[in-house]
Amino acid sequence: MEDLQEEIEKDLMLIGATAIEDKLQDEVGDTIAFMKAAGIKVWVLTGDKIETAINIGFSCELLTKHLKQLIVDGKDLPETTENMKKAYEEMEKRKS
């Protein structure tokens, strides 16, 4: 798992972080849009149900219908590790 994380997370620079709750705070959508326009990559890590997280992502314009989503989920470490490997393979295919 750590080797896979190292491969996926190489050459990244953390610029900032924010948390989004089900009820969006004022100007969250505008702030995220501004960050994206500035070229800042935004990732989402959440404990929400996948459907809830996706709905929130669309409501604050973090996700668009043109964006390719890569969802990694699992019930335990072995399942999550396997799903991360599959997600990595999918990312590599998309690069080609």
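Biologist: Leaving aside neighbours within four places in sequence, which residues is Thr 81 in contact with?

Modeller: Set aside those sequence neighbours, and Thr 81 contacts Met 1 and Leu 4. Bear in mind that this is a predicted model.

Biologist: Where is Thr 81 found? And is Thr 81 buried or exposed?

Modeller: Thr 81 belongs to helix H4. For burial, compare the relative accessible area with the cut-off: buried means under 20%. Thr 81 has 14%, so Thr 81 is buried.

Biologist: Now the other case. Is Lys 65 buried or exposed?

Modeller: The cut-off for exposed is over 50%. The relative accessible area of Lys 65 is 73%, so Lys 65 counts as exposed.

Biologist: Where is the place of Lys 65?

Modeller: Look in the loop between H3 and helix H4, which spans 77–95.

Biologist: How many residues apart in sequence are Lys 65 and Asn 55, and what is their C-alpha to C-alpha spacing?

Modeller: Read the two separations side by side. Lys 65 and Asn 55 are 10 residues apart in sequence. In space, their C-alpha atoms are 12 Å apart.

Biologist: On to helix H3. Which residues of H3 are buried?

Modeller: H3 covers residues 50–59, and its buried residues are Ala 53, Ile 56 and Gly 57. Next, ask how they sit around the axis. Their arc is only 100°, which means that they lie on the same side of H3.

Biologist: What happens to the backbone just after H3?

Modeller: Check phi there. Glu 61 takes a positive value, about 65°.

Biologist: Zoom out. How many helices and strands does the chain have?

Modeller: Count 4 helices and 0 strands. Along the sequence, the pattern reads α-α-α-α.

Biologist: What box do the C-alpha atoms fill?

Modeller: Taken along the principal axes, the box is roughly 40 × 30 × 25 Å.

Biologist: Among contacts between residues at least 6 apart in sequence, what share joins residues at least 24 apart?

Modeller: That share is 53%. Thr 81 with Met 1 and Leu 4 gives you contacts to look at in the model.

Biologist: Last, the charges. How many are positive and how many negative?

Modeller: The chain has 13 positive and 21 negative charges.

Methods:
Residues are numbered from 1 along each chain as its sequence is written. This is a predicted model: local features need pLDDT of at least 70, side-chain atom pairs count only at pLDDT 80 or more; totals for chains, interfaces and linings use all residues. Side-chain values use heavy atoms; hydrogens and water are left out. Buried means under 20% relative accessible area, exposed over 50%, partly exposed in between (1.4 Å probe, protein chains only). Helices (H or I, at least four residues) and strands (E, at least two) are DSSP runs, numbered from the N terminus. The arc is that of the directions from the helix axis to the C-beta atoms. Contact means heavy atoms within 4.5 Å. Lys and Arg count as positive and Asp and Glu as negative; His and the chain ends are not counted. The place of a charge is taken as NZ of Lys, CZ of Arg, CG of Asp or CD of Glu.
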